[in-house]
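Thanks for coming. I will go through one structure this morning, a part at a time.

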Protein chains: 2
Amino acid sequence: MFLKKKLNAGKSVMGTMLSLVYNPDVARVFAEAGLDYFIVDCEHGAYTFREINSLVSVSKNAGTAVLVRIPQVDRAYVQVLLDIGVEGFMIPGVKSAETMRETVRLAKYPPMGERGIGGGIVTDFQNVNLPEWIEERNGEVFIMAQIEHRKAVEDIDAILGVTGVDAVVFGPRDLSVDLGVTGQVNHPKIFECYEKVYESADRLGVTKGFFTGGDASELKWGIERGARVLLWAGDATALMGFISAGVKTARSFPGYKT
Amino acid sequence: MFLKKKLNAGKSVMGTMLSLVYNPDVARVFAEAGLDYFIVDCEHGAYTFREINSLVSVSKNAGTAVLVRIPQVDRAYVQVLLDIGVEGFMIPGVKSAETMRETVRLAKYPPMGERGIGGGIVTDFQNVNLPEWIEERNGEVFIMAQIEHRKAVEDIDAILGVTGVDAVVFGPRDLSVDLGVTGQVNHPKIFECYEKVYESADRLGVTKGFFTGGDASELKWGIERGARVLLWAGDATALMGFISAGVKTARSFPGYKT
């Protein structure tokens with residue numbers, strides 16, 4: 001478990017989103033590049049449990065935490081993914097405190113929740129002192145709410161007030177749709193929501209996250225406001241950016257024959 | 001078949017190298033980014049025929065050509081890969097004309113070579129007029145020699161003089177090792193070799209290629225000297241570059257907690 005140790009020590013953590021690549025060695029690339037964590041996108045991507053299993057196995061040696069964005073909060077995701085070594089979840093489209101309460105219920109062992117006790121991967125194949133182990137694990141599971149609707153912004157105190165919610169982050173594009181400024185992710189209305197959510201997070205002691213598709217000035221805005229769970233997404237953007245830049249560069253030279 | 005049509009029309013073609021990603025959708029990312037072709041690296045990568053099969057299937061619709069860099073010239077690679085729709089080969093570490101003659105023998109149907117006639121993927125699941133079809137296909141298979149040793153530079157006229165060799169490209173790092181300037185890929189000795197090879201290619205009517213790991217000034221050098229098969233590599237570099245830049249950017253802001 002890597003992520004909450006860093007966060008509890010007051011550090012910022014930098015991550016990315018995986019939606020295209022499933023070669024487990026990508027975790028080693030990310031670790032070498034200095035990344036603290038990555039999120040496997042099961043809301044918009046086709047990842048299987050077996051693929052995530054392999055990504056986690058490589059990540060454990062690389063020292064990078066793996067989170068998953070799940071498309072819905074249910075036991076089939078939460079129980080299995082935690083038991084194959086995923087450190088926590090990004091919960092998209094949160095609209096009510098109930099969604100976060102359900103996440104905590106499924107993700108934490110009793111008495112905090114109702115997670116079932118497994119072994120193997122999740123105990124590092126060792127015998128454990130169960131009372132100690134349960135308490136440690138309950139403290140390590142990381143839960144981050146993704147706020148992308150007006151309703152969630154309005155009810156933000158209730159959502160972030162749920163015990164076990166560690167962090168909050170935004171979904172700029174869905175939020176822009178819901179605010180009637182579709183695609184204008186830098187619209188003032190968006191940033192009004194960000195400010196309101198951050199104010200609530202600060203008051204309730206929830207760690208602030210910030211999501212950007214690789215925009216330095218956006219990232220600066222988030223870091224200046226104290227965001228520590230930083231998300232610089234993602235793999236397809238990286239590939240598209242590198243190749244587009246190469247194609248543009250090549251075509252800029254007079255000898256390139258079009 | 002996409003690549004030789006463009007080259008025969010006098011166009012430049014831009015490609016990259018795949019060594020990490022095996023999600024077939026990467027072909028669509030590349031096509032959207034304006035890439036003409038990509039090379040699956042079976043010299044240094046773990047790709048299976050089935051993975052290449054899927055990459056080719058998606059690429060056919062996307063309009064991007066797939067080549068493979070094979071670790072050795074033998075029938076198990078050349079026959080199978082062409083028959084699952086690969087357009088041609090990059091042959092690494094070429095040291096003699098014999099290697100290229102063997103490549104042509106395996107890659108071309110009689111009378112040019114001894115390629116066996118298959119159907120299915122390679123005939124687009126159609127019945128074909130075999131005499132016409134054989135002639136067309138023989139003209140479309142693309143063969144590129146990768147020069148990365150002094151011996152090859154010395155024998156370059158013989159290597160590029162083999163009928164069926166379409167293009168030539170370099171392997172800067174192996175060449176630097178062989179020249180005793182290990183890792184100094186911009187050493188004058190390297191560029192002396194490039195000049196000698198290009199002179200031979202121009203004289204023999206072989207298309208010039210140029211390889212760079214994403215360096216614009218290197219690419220400019222190649223394009224200015226008439227290189228048209230451009231290789232801007234690769235997928236791992238793209239991911240590493242995007243994430244490293246993000247991490248560096250985040251750490252540059254005062255609010256980032258290390």
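Let me start with a helix in chain A. The residues of H5(A) that are buried are Ala97(A), Met100(A), Thr103(A), Val104(A), Leu106(A) and Ala107(A). What do they pack against? The buried residues of H5(A) pack against helix H4 (75–83), strand E4 (88–91), strand E5 (142–147) and helix H8 (156–160), which belong to chain A. Please keep in mind that this is a predicted model.

In chain A, the loop between helix H5 (97–107) and helix H6 (130–140) holds Pro111(A). Pro110(A) and Pro111(A) are joined by a cis peptide bond, with omega at about 10°. In chain B, Pro111(B) sits in the loop between helix H5 (97–107) and helix H6 (130–140). There, a cis peptide bond links Pro110(B) to Pro111(B), and omega is about 5°.

Asp124(A), in the loop between H5 and H6 of chain A, has a phi near 55°, which is positive in a residue other than glycine. Its counterpart to look at in chain B is Asp124(B), in the loop between H5 and H6 of that chain; Asp124(B) is not a glycine either, and has a positive phi of about 55°. As background, most residues other than glycine have a negative phi, and most peptide bonds are trans.

Is Asp124(A) buried, partly exposed or exposed? With a relative accessible area of 46%, Asp124(A) is partly exposed. Asp124(B) also counts as partly exposed, at 46% relative accessibility.

Staying in the chain A loop between H5 and H6, we come to Asn127(A). Asn127(A) has 82% relative accessibility, so it counts as exposed.

Now to where the chains meet. Helix H12 (residues 235–252) of chain A packs with helix H12 (residues 235–252) of chain B at an angle of about 110°, and the axes are 8 Å apart. Because of that angle, H12(A) is roughly perpendicular to H12(B). The crossing of H12(A) and H12(B) is right-handed. Which residues make the contact? From H12(A) there are Asp235(A), Thr237(A), Ala238(A), Leu239(A) and Phe242(A), and from H12(B) there are Asp235(B), Thr237(B), Ala238(B), Leu239(B) and Phe242(B). Sorted by class, this contact of H12(A) with H12(B) has six nonpolar, two polar and two charged residues.

In helix H11 (residues 216–224) of chain B, the buried residues are Glu218(B), Leu219(B), Trp221(B), Gly222(B) and Ile223(B). After H11(B) comes Gly226(B), with a positive phi near 90°.

Last, the interior. In soluble globular proteins, nonpolar side chains tend to be buried together. Here the largest nonpolar core has 145 residues, and those with the most contacts inside it are Ile52(A), Ile147(A), Ile52(B) and Ile147(B). Leaving out residues up to four places away in sequence, Ile52(B) touches Val40(B), Cys42(B), Tyr47(B), Val68(B), Leu81(B), Ile84(B) and Val86(B).

That is where I will stop.

Terms used: Residues are numbered from 1 along each chain as its sequence is written. Chains are lettered from A and ligands numbered from 1 in the order in which they are written. This is a predicted model: local features need pLDDT of at least 70, side-chain atom pairs count only at pLDDT 80 or more; totals for chains, interfaces and linings use all residues. Side-chain values use heavy atoms; hydrogens and water are left out. Axes are lines fitted to C-alpha atoms, for helices over the stretch in contact, and angles run from 0 to 180 degrees between N-to-C directions. Helices (H or I, at least four residues) and strands (E, at least two) are DSSP runs, numbered from the N terminus. Angles under 35 degrees count as roughly parallel, over 145 as roughly antiparallel, 65 to 115 as roughly perpendicular and the rest as oblique. A crossing is left-handed if the near helix is turned anticlockwise from the far one by less than a right angle, and right-handed if clockwise. Contact means heavy atoms within 4.5 Å. Ala, Val, Leu, Ile, Met, Phe, Trp, Tyr, Cys and Pro count as nonpolar, Asp, Glu, Lys and Arg as charged, and the others, Gly among them, as polar. A nonpolar core is a set of buried Ala, Val, Leu, Ile, Met, Phe, Trp, Tyr and Cys residues joined through side-chain atoms within 4.5 Å. Buried means under 20% relative accessible area, exposed over 50%, partly exposed in between (1.4 Å probe, protein chains only).
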